[in-house]
Amino acid sequence: MSEPPKERVALMAVDESQHSEYAFDWYVNHFHKAENRLLLVHCPETYANVTMMSPGKVQELIKECEAKVKAIQEKFLEKMRALGIQGEFIRLNGEKPGYQIVECAINRKATFIVTGTRGQSKVRRTLMGSVSDYIVHHSPIPVLVCRHRTPEPEKEEKDRTKKDQKEKSSFFGKDKEHKK
């Protein structure tokens, strides 16, 4: 007799972005197995300089943060219920989401991590940091990074225009102008 399938724990980082929703949908459609247990984790943004704010402003930010977390939790748990996926939502606290996600994966004995990516440029990732980059470089378990198949229409148009201009300048020479 064969043993029943061993439960695999997939840990997925989620937020309010379309990239997160795409990662969830891609995981469900291409990677999820019935024996997987899905842990959705979210690390809310923190405000570094709350000491300089009035108590009223701090309370307002806390309420906004709580409302965002609740909306994210409800949205993804509803999707899981509708698809019959077993799991839970975990709110992580801390200033560094990448670190918190990796630590949660280790502590919960996750089999792998799933995350979306915002598609930042290499320069922006280097200067600003990227949660998905941090996870890929620091996780001791496999990481599935879900990238959008096609960029936003405006970005796609800008990229195509830049490529066309580059091709024209190399064809006509850098010092020659091309008239339409």
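Author: Let us begin with one residue. This is a predicted model. Lys 109 sits in the loop between H3 and strand E4 (112–116).

Reader: Is Lys 109 buried or exposed?

Author: Look at the relative accessible area. Over 50% counts as exposed. Lys 109 has 66%, so Lys 109 is exposed.

Reader: What is the phi of Lys 109?

Author: The phi of Lys 109 is positive, about 55°, although Lys 109 is not a glycine.

Reader: Let me step back. How many helices and strands does the protein chain have?

Author: The secondary structure comes to six helices and five strands. Next, read their order along the sequence. The pattern is β-α-β-α-β-α-β-α-α-β-α.

Reader: What share of the protein chain counts as buried?

Author: The protein chain has 180 residues, and 29% of them count as buried. The accessible surface is about 12900 Å². Carbon and sulfur atoms account for 53% of that surface.

Reader: How do I read contacts over the sequence?

Author: Ask how far apart the partners are along the chain. Take contacts in the protein chain between residues at least 6 apart in sequence. Of these, 77% join residues at least 24 apart.

Reader: Can you show me pairs like that?

Author: Start with Gly 87, in strand E3 (residues 87–91). Gly 87 and Leu 38 are 49 residues apart in sequence. In space, their C-alpha atoms are 4.5 Å apart.

Reader: Which residues does Gly 87 touch, not counting residues up to four places away in sequence?

Author: Gly 87 touches Arg 37, Leu 38 and Met 80. As for cover, Gly 87 has 28% relative accessibility, so Gly 87 counts as partly exposed.

Reader: And another pair?

Author: Take Ser 17, in the loop between strand E1 (8–13) and helix H1 (18–30). Ser 17 and Ile 72 are 55 residues apart in sequence. Their C-alpha atoms are 9.6 Å apart in space.

Reader: Why does Ser 17 count as buried?

Author: Buried means under 20% relative accessible area. Ser 17 is buried because its value is 11%.

Reader: Now the helices. How do I read a packed pair?

Author: Find the angle and the distance between the axes. H1 and helix H2 (residues 55–83) pack at about 15°, with axes 12 Å apart. Angles under 35 degrees count as roughly parallel. H1 is therefore roughly parallel to H2. The crossing of H1 with H2 is right-handed.

Reader: Which residues make the contact of H1 with H2?

Author: From H1 come Ser 20, Glu 21, Phe 24, Asp 25 and Val 28. From H2 come Lys 75, Phe 76, Lys 79, Met 80 and Leu 83. By class, this contact of H1 with H2 has five nonpolar, one polar and four charged residues.

Reader: Which angle do H3 and H5 make?

Author: Helix H3 (residues 97–107) and helix H5 (residues 131–138) cross at roughly 40°. Their axes come within 8 Å. That angle makes H3 oblique to H5. H3 passes H5 in a right-handed crossing.

Reader: Which residues of H3 and H5 are in the contact?

Author: H3 gives Pro 97, Gly 98, Tyr 99, Ile 101 and Val 102. H5 gives Val 131, Tyr 134, Ile 135 and His 138. The residues of the contact of H3 with H5 divide into seven nonpolar, two polar and no charged.

Reader: Can we zoom in on one of these?

Author: Setting aside neighbours within four places in sequence, Val 131 is in contact with Pro 97, Gly 98 and Ile 101. With 35% relative accessibility, Val 131 counts as partly exposed. Val 131 and Thr 117 are 14 residues apart along the chain, and their C-alpha atoms are separated by 8.1 Å.

Note on methods
Residues are numbered from 1 along each chain as its sequence is written. This is a predicted model: local features need pLDDT of at least 70, side-chain atom pairs count only at pLDDT 80 or more; totals for chains, interfaces and linings use all residues. Side-chain values use heavy atoms; hydrogens and water are left out. Axes are lines fitted to C-alpha atoms, for helices over the stretch in contact, and angles run from 0 to 180 degrees between N-to-C directions. Helices (H or I, at least four residues) and strands (E, at least two) are DSSP runs, numbered from the N terminus. Angles under 35 degrees count as roughly parallel, over 145 as roughly antiparallel, 65 to 115 as roughly perpendicular and the rest as oblique. A crossing is left-handed if the near helix is turned anticlockwise from the far one by less than a right angle, and right-handed if clockwise. Contact means heavy atoms within 4.5 Å. Ala, Val, Leu, Ile, Met, Phe, Trp, Tyr, Cys and Pro count as nonpolar, Asp, Glu, Lys and Arg as charged, and the others, Gly among them, as polar. Buried means under 20% relative accessible area, exposed over 50%, partly exposed in between (1.4 Å probe, protein chains only). Accessible areas come from the Shrake-Rupley method with a 1.4 Å probe; for residues, only the protein chains shown count as cover.
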